[in-house]
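Good morning, and thank you for making time for this presentation. Please have the chain in view on your screens while I speak.

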Amino acid sequence: MPGWILSNNMFMILRNEEKFRTRNKSKRNKFPYEILRPDIIQHCVNARATLIAAEGKSKLVDKSGKPVFVNVKGLGKNYMRESSRVAGIRAYTNYIQYFGLHGLFREMKSNSSIQLAWKVDDLDRVTSSHSERWAQELHILKSEFPSQSVDQLLVHLVRFANQYAQDILKSKQKDDERGPQVIPDYGVAHLPADRDKVVKVGLARAAAIAEEVNLLRQRTAKL
């Protein structure tokens, strides 16, 4: 998953997920339409590690004296500026963390024993029906949020969900600005961001997560 897509075009990701989900009419077979699924997230983890490892290893600079990278795995014959390296790390980090947090959210909805006061290491007690996926999600939570409580993790989840929705909205708004410059009748075939169904799905998901997290916190606080 290229970092620039996570950074600049989350609308495309959700649009493709929705397309695959709505077009799948199979009743016998289940196909994974989730874009940010476990194997893709692992690629993101590896890509982030490569970008982090590149720091200080550039032998070239641009006219302002900032590093320019050419010998980074995955670049091919392209080059990368320092600003792009930092943006890529930030984008990968955001969605790696969101993946782990969403896993905790799923587990809490089906496991009432998880306590708000638990630290992230206490989540080792959780036995999940999604054992392989949960192992990956738990590893991410431990490495990205060491020593934090479940309550703190839920706060992060709501923040990331809202950010995800806003990233979708902003990327569609950019399309609306650039589209008419390339295609004169762009507006005939494309609804504006505030009326686009994919944008509405993203905003609705964020609102639903915030509401469900609030209910989970209320339920867990009573235990």
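I shall go from the chain as a whole to its core, then to one helix pair, and then to several individual residues.

First, the basis of the values. This is a predicted model, in which local features need pLDDT of at least 70 and side-chain atom pairs count only at pLDDT 80 or more, while totals for chains, interfaces and linings use all residues. Residues are numbered from 1 along each chain as its sequence is written, and side-chain values use heavy atoms, with hydrogens and water left out.

Let me begin with the overall architecture. The chain has eight helices and three strands; here helices (H or I, at least four residues) and strands (E, at least two) are DSSP runs, numbered from the N terminus. Read from the N terminus, the order of the elements is α-α-α-β-β-β-α-α-α-α-α. The C-alpha trace spans about 60 × 50 × 35 Å along its principal axes. Of the 223 residues in the chain, 40% are buried. For this term, buried means under 20% relative accessible area, exposed over 50%, and partly exposed in between, with a 1.4 Å probe and protein chains only. Turning to contacts, defined as heavy atoms within 4.5 Å, we find that among those with a separation of 6 or more, 67% are between residues 24 or more positions apart.

Which residues have the most contacts inside the largest nonpolar core? They are Leu 6, Leu 123, Leu 141 and Val 150, in a core of 56 residues. A nonpolar core is a set of buried Ala, Val, Leu, Ile, Met, Phe, Trp, Tyr and Cys residues joined through side-chain atoms within 4.5 Å. Two or more residues are given to this core by each of helices H1 (3-8), H2 (10-23), H3 (38-53), H4 (82-110), H5 (131-144), H6 (150-182) and H8 (197-221). The largest share, eleven residues, is that of H4.

I turn now to one helix pair. H2 and H6 pack with their axes 7 Å apart, at an angle of about 100°. The axes are lines fitted to C-alpha atoms, for helices over the stretch in contact, and angles run from 0 to 180 degrees between N-to-C directions. The two helices, H2 and H6, are therefore roughly perpendicular, a class that covers 65 to 115 degrees; under 35 is roughly parallel, over 145 roughly antiparallel, and the rest oblique. On the H2 side the contact has Met 10, Phe 11, Ile 13 and Leu 14, and these meet Tyr 164, Asp 167, Ile 168, Ser 171, Lys 172 and Asp 175 in H6. By class, the residues of this contact are six nonpolar, one polar and three charged. In that scheme Ala, Val, Leu, Ile, Met, Phe, Trp, Tyr, Cys and Pro count as nonpolar, Asp, Glu, Lys and Arg as charged, and the others, Gly among them, as polar.

Two buried residues on helices deserve attention. Is Arg 48 buried or exposed? Arg 48, in helix H3, is buried, at 13% relative accessible area. Beyond its neighbours within four places in sequence, Arg 48 is in contact with Ile 89, Tyr 92, Thr 93, Ile 96 and Glu 144. Its side chain makes a polar contact of 3.1 Å with the side chain of Thr 93. A polar contact is a pair of N or O atoms within 3.5 Å; within protein, one must be able to donate a hydrogen and the other to accept it, and residues adjacent in sequence count only if both atoms are side-chain atoms. Asn 94, in helix H4, is also buried, with a relative accessible area of 17%. With neighbours within four places set aside, Asn 94 is in contact with Phe 160 and Gln 163.

Finally, the loops. Asp 124 lies in the loop between H4 and H5 and is partly exposed, at 47% relative accessibility. The side chains of Asp 124 and Lys 142 are joined by a polar contact of 2.7 Å. Thr 127 lies in the loop between H4 and H5 and is exposed, with a relative accessible area of 71%. In the loop between H5 and H6 is Ser 147, where phi is near 70°, a positive value in a residue other than glycine. Ser 147 counts as exposed, at 56% relative accessibility.
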